[in-house]
Amino acid sequence: MKRLKGIIFIVSGSMLWGATGPLMEWLLNYTPLTVSFMLTIRLSVAGIFLLTYLLLTGKDIFGIWQQKLWSRQLIIFGIAGMLGVQFAFVAAINESNAVLATLLQFLAPIFVVAYVSLSLKKWPPKYQVLGIIGTLIGLFLLLTNASFNDLLVSNKALLWGVAVGLTFAFYTLYPARLMKEWSVLLVVGWGMLIGGVTLGIVSRVWQSDLWFVFTDLKVVGSLAALIFFGTVAFVLFLSSMKYITAVETSILSSIEPLTAMVISVIVFGTSLGYWQLVGVFIMLVCVTWLSVAGEKA
């Protein structure tokens, strides 16, 4: 029963997260919203809602701040993990599209392998090397459609895409002990609030001339949907790790880019070339291979 619960969580979370990509793309393309302003509002509001919910259900949301070890890790996670992956993801969408940004987060296993190899001061095993090479081949096809002349995306989009994979790896690995000691909802709630407040201070959101967008009901409704579905997706994704293996998580999370792709085709008419689709398939297979072979090892 627990395994079924985990599968439902990861499938639902992946579909919701895949759907938020095209929604953010629409907001960035057809409204005056900027990456910084939209993320400040999204993270801050979502964090406040989650923490308020926990408070109303009788949970102690401030106890984590009474211990330096955990509070320090929470701040690092909120800024480098939560804000890092969110900002890189939205910036990648802004520079390219939701499909590409969603797929590039699947570079995360490569960074995980690199981190472990450096930590152990040894080369990764053959299966990981093969998986990394395959993932990079798939990425090449995705970005070039098998043309050696030029990239189909800008250098900025590629840079932010790599940042998505890097920050997603950190976001997945770093809070494991934190969430085991406390709760997923508590860590995610504080992480979002810390990330949102930090970005708001850096971007001086109080001086922004974009506050007028809240007079547009369509924008308000879209932001509300983005905050709700995005928050639920994060919670479901992280919660699923309690019930299913890394292999199942890796395989089932491939629903995420497929969801983004279907919605983008319907809403924006986004299309991928033949070799780009081949690249997508190769990337998903190789990421799954890394997880399967890793668990067997």
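Modeller: The crossing of α2 past α3 is right-handed. Keep in mind that this is a predicted model. Helix α2 covers residues 35-56, and helix α3 covers residues 68-95. Their axes lie 10 Å apart, at an angle of about 140°. That angle makes α2 oblique to α3.

Now the residues. From α2 come Val 35, Ser 36, Met 38, Leu 39, Arg 42 and Leu 43. They meet a set in α3: Met 82, Leu 83, Gln 86, Phe 87, Val 90, Ala 91 and Asn 94. By class, this contact has 9 nonpolar, 3 polar and 1 charged residues.

Next, α6. This helix runs over residues 126-144, 19 residues in total. From first C-alpha to last, α6 reaches 27 Å, close to the 27 Å expected at 1.5 Å a residue. Its buried residues include Gly 131, Gly 134 and Gly 138. Leu 139, Leu 141, Leu 142 and Leu 143 are also among the buried residues of α6. Asn 145 follows α6, and its phi is positive, near 55°.

Last, a residue in α13. Gln 276 sits in this helix, which spans residues 274-296. Gln 276 counts as buried because its relative accessibility is 10%, and the cut-off for buried is under 20%. Thr 52 is 224 residues from Gln 276 along the chain.

Key: Residues are numbered from 1 along each chain as its sequence is written. This is a predicted model: local features need pLDDT of at least 70, side-chain atom pairs count only at pLDDT 80 or more; totals for chains, interfaces and linings use all residues. Side-chain values use heavy atoms; hydrogens and water are left out. Axes are lines fitted to C-alpha atoms, for helices over the stretch in contact, and angles run from 0 to 180 degrees between N-to-C directions. Helices (H or I, at least four residues) and strands (E, at least two) are DSSP runs, numbered from the N terminus. Angles under 35 degrees count as roughly parallel, over 145 as roughly antiparallel, 65 to 115 as roughly perpendicular and the rest as oblique. A crossing is left-handed if the near helix is turned anticlockwise from the far one by less than a right angle, and right-handed if clockwise. Contact means heavy atoms within 4.5 Å. Ala, Val, Leu, Ile, Met, Phe, Trp, Tyr, Cys and Pro count as nonpolar, Asp, Glu, Lys and Arg as charged, and the others, Gly among them, as polar. The expected span of a helix is 1.5 Å times one less than its number of residues. Buried means under 20% relative accessible area, exposed over 50%, partly exposed in between (1.4 Å probe, protein chains only).
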